[in-house]
Amino acid sequence: MKKAKHLYDYFWVYAIIYFALGFFNILFAWLGMIDFLLPLFLAIFGGNKFFCNHLCGRGQLFSKLGTDLKCSRCKPTPRWMSSKWFRYGFLLFFLTMFGNMVFQTYLVAAGAASLREAIKLFWTFRVPWGWTYTAGTVADWVAQFSFGFYSLMLTSLLLGLIVMVLYKPRTWCAFCPMGTMTQGICKLKNKE
Amino acid sequence: MLSKKLAAIDKTRCVACGVCENTCPIGAVKVRRGCYAAVEAERCVGCGKCARLCPVGCIEVKARDEA
């Protein structure tokens, strides 16, 4: 039995476009804020995970690659990856790194640090990314946030792809910080 | 007529990602209020598609009288 398709079933295309745009103009990284704010908005005001369940382009992309294109080994995800301590620990780590990125942006805005036209993968490896930005186009802090935010988005995509290949197509969802955060909010809101 | 098998979800481990809901060919699994997924026992045919793709492995297909 075929299920009816919705427009949001094709949001995996948006995920590809988002990451591709970051190779041409880093300022498009700001679009990723939708992926941060919309799930929180839906969880806080709607008390649901509609974003994770239907709108997450990245999750859909993992499903497409892992299930449809058979890029996943479909092996069981290690149990510790979905344990509470790991999920909330990773969320804490992720939020700390996000806070650090916002602080770097603040330093650039305050003139205490200069703009670095590079992205950092896995919070460790600096990769020159200067071709995606022409100096002076926007305020330096706007560009700094773009580089930082794109680093975060690309790192999480790569992590998701690695666990997709090794385990199940959407193993990333087991410890996705946004998923953990929104489920926590829903549990609090719905008193579960 | 009800199937002999049924998907059973361990809601304490479920991360409410919605993979099962999107995978279920008959729409028998739904994520409840963003907290965990639940199976509609009367509709589930026990095909196991949700269990195969669940990223945390919290779904098991059991005999209906055991579930």
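Buried area is taken here as the accessible area (1.4 Å probe) that two parts lose on being put together, summed over both. In this predicted model, the area buried between chain A and chain B is about 2,000 Å², and carbon and sulfur atoms give 46% of that area. On the side of chain A, the residues that lose the most area to chain B are K3(A), N53(A) and E192(A), which together account for 26% of what that side buries.

The model is a predicted one, in which local features need pLDDT of at least 70 and side-chain atom pairs count only at pLDDT 80 or more, while totals for chains, interfaces and linings use all residues. Residues are numbered from 1 along each chain as its sequence is written, chains are lettered from A in the order in which they are written, and side-chain values use heavy atoms, with hydrogens and water left out.

With contact defined as heavy atoms within 4.5 Å, 25 residues of chain A are in contact with 26 residues of chain B. Polar contacts (pairs of N or O atoms within 3.5 Å, one able to donate a hydrogen and the other to accept it, with residues adjacent in sequence counted only if both atoms are side-chain atoms) link 10 residue pairs across the interface, both residues being at pLDDT 80 or more. The count of salt bridges between the two chains is zero, a salt bridge being a side-chain nitrogen of Lys or Arg within 4 Å of a carboxyl oxygen of Asp or Glu. Helices (H or I, at least four residues) and strands (E, at least two) are DSSP runs numbered from the N terminus. The elements of chain A that give two or more residues to the side touching chain B are α3 (50-55), α5 (84-110), α7 (172-175) and α8 (177-189).

Chain A contains eight helices and two strands, in the order α-α-α-α-α-β-β-α-α-α from the N terminus. Its C-alpha trace spans about 55 × 40 × 30 Å along the principal axes. Buried residues (under 20% relative accessible area, 1.4 Å probe, protein chains only) make up 47% of the 192 residues of chain A. Of the contacts in chain A with a separation of 6 or more, 79% involve residues 24 or more positions apart.

Chain B has two helices and four strands, arranged along the sequence as β-α-β-β-α-β. The C-alpha trace of chain B spans about 30 × 20 × 20 Å along its principal axes, and 55% of its 67 residues are buried.

Terms used. Buried means under 20% relative accessible area, exposed over 50%, partly exposed in between (1.4 Å probe, protein chains only).
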